[in-house]
Amino acid sequence: MPASATVDDVSSLFKAQDLPPHLLAQTGGAWKLCGQGVFSWSVFKFYRIRLFSRTGHFEATQPHLLDLSYLRKLSAQQIITISLQEMQRLAAPTPAQLASWRSSLEAIVPDVGLGDRLLGWFVPGEGVHFFSAHAELGAILETAFASAFGAIWLDPKTQRPLLRQELLGLQGETA
């Protein structure tokens, strides 16, 4: 740790250390927490989510990670359907893209339960690599998919603008 490291640098690195070792081995490991929050609907909490980047500040043109820790049981089909609905709302993909994305996600996304984790490693110009807490699940190497999928949480028009602010580390600021 360099002598010039701040307390925030140290605490965000400690939070990044609990990322799965297989993910850290593949992605290079030097991740800093940008922000975190909980995705909920009505009184139901679905997952905790954290956003990581190399600098601790999100830039869509730089690699980043989304880490979802589930707080309830969800089927793969529930996750995929809701994700595609949001991607369609935010990115307006063609019907052929939606069908391709559904097929790709069905081959990657598992059913989840309390405590399960799904992580996405976004590589600009390449796509998204998906991981569980224990293994790599697959990748969708299409930049339009990566942009649309990340938009679910990070686009200014997201359904959860307060969660977006938390992820971007903008709590207390106006978007």
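Which residue of β2 is the bridge partner of V38? In this predicted model, local features need pLDDT of at least 70 and side-chain atom pairs count only at pLDDT 80 or more, whereas totals for chains, interfaces and linings use all residues. Residues are numbered from 1 along each chain as its sequence is written, and side-chain values use heavy atoms, without hydrogens and water.

The partner of V38 is R48 in β2. Strands β1 (residues 32-41) and β2 (residues 44-53) pair in the antiparallel sense over 9 bridges; strands are DSSP runs of E of at least two residues, helices runs of H or I of at least four, both numbered from the N terminus, and two strands pair if DSSP finds at least two bridges between them. The hairpin of β1 and β2 has 2 residues between the strands, and S42 takes a positive phi near 60 degrees.

Strands β5 and β6 are antiparallel and joined by 4 bridges, with A139 of β6 as the bridge partner of H129.

Helix α4 (residues 95-108) has 14 residues. Within α4, L98, W101, L105 and I108 are buried (under 20% relative accessible area, with exposed over 50% and partly exposed in between; 1.4 Å probe, protein chains only). These residues lie on the same side of α4 because they cover an arc of only 90 degrees around the axis, taken from the directions from the helix axis to the C-beta atoms. The face turned away from the buried side of α4 carries the exposed residues P95, A96 and A107.

Terms used. Expected span 1.5 Å × (residues − 1).
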